[in-house]
Amino acid sequence: MTSVDIKPLPLTRLESGYEDLIGSADVDGAAALLQGHTNAIRNGTEVSTANGGGTHEGVDDGAKGPAANGAAVEKAAPSEEASQPNFPTGTEKPGVIIPPLQPEGKKNNKAVPWYHKEIKDIDPITRGILENYSQIPADQVEQHVTAIREKAWDVFPYPCIGQFLFLNLTINLSPYYPTLVSRLKDESQTLLDLGCCFAQDVRKLVSDGAPSENIYGADLYGDFMDLGFELFRDRRTLKSTFFPCDILDEKKDFLLRGLDGEMDVVYLGLFLHHFDFETCVTVCKRVIRLLKPKPGSLVMGCQVGSLTGDKVGIPIPSGGILFRHDIDSFERVWKRVGEETGTEWKVEARLERGKGFGEKWQIEGTRRLGFEVLRL
Ligand SMILES: C[S@@+](CC[C@H](N)C(=O)[O-])C[C@H]1O[C@@H](n2cnc3c(N)ncnc32)[C@H](O)[C@@H]1O
């Protein structure tokens, strides 16, 4: 793994010379950013010790969507570049608008376009969960989520944290969502939310009747999952199990390894764009090891995508990329996964417009890529 050398760049278009900003999605130098959460968390209680934690440099644009109200679905023709085998790393496009730098050494600086001081509106579905499932009085919801957001910003200043976009759920945007809930409810199937952050999508499933004990969550940052209990006030009631893990580091995913071969569904919400093409193949191969090795096992989720797939460097001190798949490049990931593991996968994917996609600092063509990948 190599470190991304972050160089100061102005808020401008990247015409050339930005290749140095763009590197592997995983960086060992980022370990310093970690809080070192080492234990699995169940019902808010740590249940076993491990050398967890991990490295991270992926930064997303935090793009999230509201309820799927009329989201336009697009399937763009694959770009010439994107249709090249293996989506070589030289395909990054110039003309990318980048956010201003966070000053070096101040990773939690708030002078960035994705830090919103106040929340303007809360998605009604999430508000319903906070008021009914979490029993937070209606007039205290804004204050409550803002207080938790402040703590989360200190853990890692993701754009989705700064913009309160974690309050826009994603799992229910899938056309497969009703079937998923039935599978979890009626057949007691299991689901892992990988890269779950606060595990807000887990709360959506549970509030829709899925048994929480069959649902698991995992994230690089144990603090996010712990803050999830604070956000949803369900430390004593939620029976889900949460694991800190680095999906890229076999040495730091051994808690997760306990789930290998046990999951019916893995949910990847706004997660895969952290990884470049090759790393994405590696991550997906790791993900399918978590699934029961049989037809019907499912990987589903969404990520920041684009009409024409590309990889974008984001110049903040922690480094990072956004790898915005288009449908063609996403399908090629799964072709590779199948070839290299002797398995067969049916990919359903779509590009959608939605809230959080189209911020000024985002790149033209940004869409939400929603997907379901079914083992045949
Ligand atoms: C953009 S957030 C999305 C969170 C949540 N799924 C959602 O939809 O809001 C991506 C999450 O992936 C986690 N993550 C990034 N790299 C990871 C890795 N290598 N292993 C495990 N989790 C990782 C981050 O800590 C972060 O919480």
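Two strands pair if DSSP finds at least two bridges between them; helices (H or I, at least four residues) and strands (E, at least two) are themselves DSSP runs, numbered from the N terminus. The model shown is predicted, and local features therefore need pLDDT of at least 70 and side-chain atom pairs pLDDT 80 or more, whereas totals for chains, interfaces and linings use all residues. Residues are numbered from 1 along each chain as its sequence is written.

**View A. The chain as a setting for the close-ups.**
The secondary structure of the chain comes to nine helices and 14 strands. Of its 376 residues, 51% count as buried, a residue being buried if 20 or more other C-beta atoms, placed from the backbone, lie within 10 Å of its own, exposed if 12 or fewer do, and partly exposed in between. Among contacts between residues at least 6 apart in sequence, 76% join residues at least 24 apart; two residues are in contact if their C-beta atoms, placed from the backbone, lie within 7 Å.

**View B. Strands β7 and β8 with the helix that links them.**
Strand β7 (residues 215-219) and strand β8 run parallel and are joined by four bridges, with D219 standing opposite P244 of β8. Between these strands the chain passes through helix α6 (residues 222-232), and the resulting β-α-β crossover is right-handed, meaning that, with the strands pointing away from the viewer, the path from the first strand over the helix to the second runs clockwise. Within β8 (residues 241-244), T241 and F243 point one way while F242 and P244 point the other way, and all of them are buried.

In helix α1 (residues 124-133), the buried residues are T126, I129 and L130. Seen down the axis of α1, these buried residues fall within an arc of 95 degrees, so they line one face of the helix; the arc is that of the directions from the helix axis to the C-beta atoms. The face turned away from this buried side carries the exposed residues P124 and N132. The buried residues of α1 pack against α2 (141-155) and α5 (200-207). Just after α1, Q135 takes a positive phi of about 60 degrees.

**View D. Helix α5 and what covers it.**
Seven of the eight residues of α5 are buried, so this helix is largely enclosed by the rest of the structure. The buried residues are Q200, D201, V202, R203, K204, L205 and V206. Their cover includes α1, α4 (177-186), β6 (191-194), β7, α6 and β9 (265-269). After α5 comes G209, whose phi is positive, near 105 degrees.

Among the 23 residues around the ligand, G195, C197, L220, I247 and G269 come nearest; a residue is near a molecule or strand if its C-beta atom, placed from the backbone, lies within 6 Å of it. The shell divides into 13 nonpolar, seven polar and three charged residues, where Ala, Val, Leu, Ile, Met, Phe, Trp, Tyr, Cys and Pro count as nonpolar, Asp, Glu, Lys and Arg as charged, and the others, Gly among them, as polar. C197 is found in the loop between β6 and α5, and it counts as buried because it has 25 C-beta neighbours inside 10 Å. Although C197 is not a glycine, it has a positive phi of about 55 degrees.

**View F. L169 in the loop between α3 and α4.**
The loop that holds L169 lies between α3 (159-162) and α4. L169 is buried, because 22 other C-beta atoms are within 10 Å. Not counting residues up to four places away in sequence, L169 touches D123, I125, T126, Q200, D201 and K204. L169 and G269 are 100 residues apart in sequence and, from C-alpha to C-alpha, 9.1 Å apart in space.

**View G. S297 in the loop between α8 and β10.**
S297 is found in the loop that lies between α8 (277-290) and β10 (298-306). With 22 C-beta neighbours inside 10 Å, S297 counts as buried. Leaving aside neighbours within four places in sequence, S297 is in contact with D264, L291, K292 and R375. S297 and L376 are 79 residues apart in sequence, and 8.2 Å separates them in space, C-alpha to C-alpha.

**View H. R233 in the loop between α6 and β8.**
R233 has its place in the loop between α6 and β8, and its phi, near 50 degrees, is a positive value in a residue other than glycine. Most residues other than glycine have a negative phi. R233 is partly exposed, with 15 other C-beta atoms within 10 Å.
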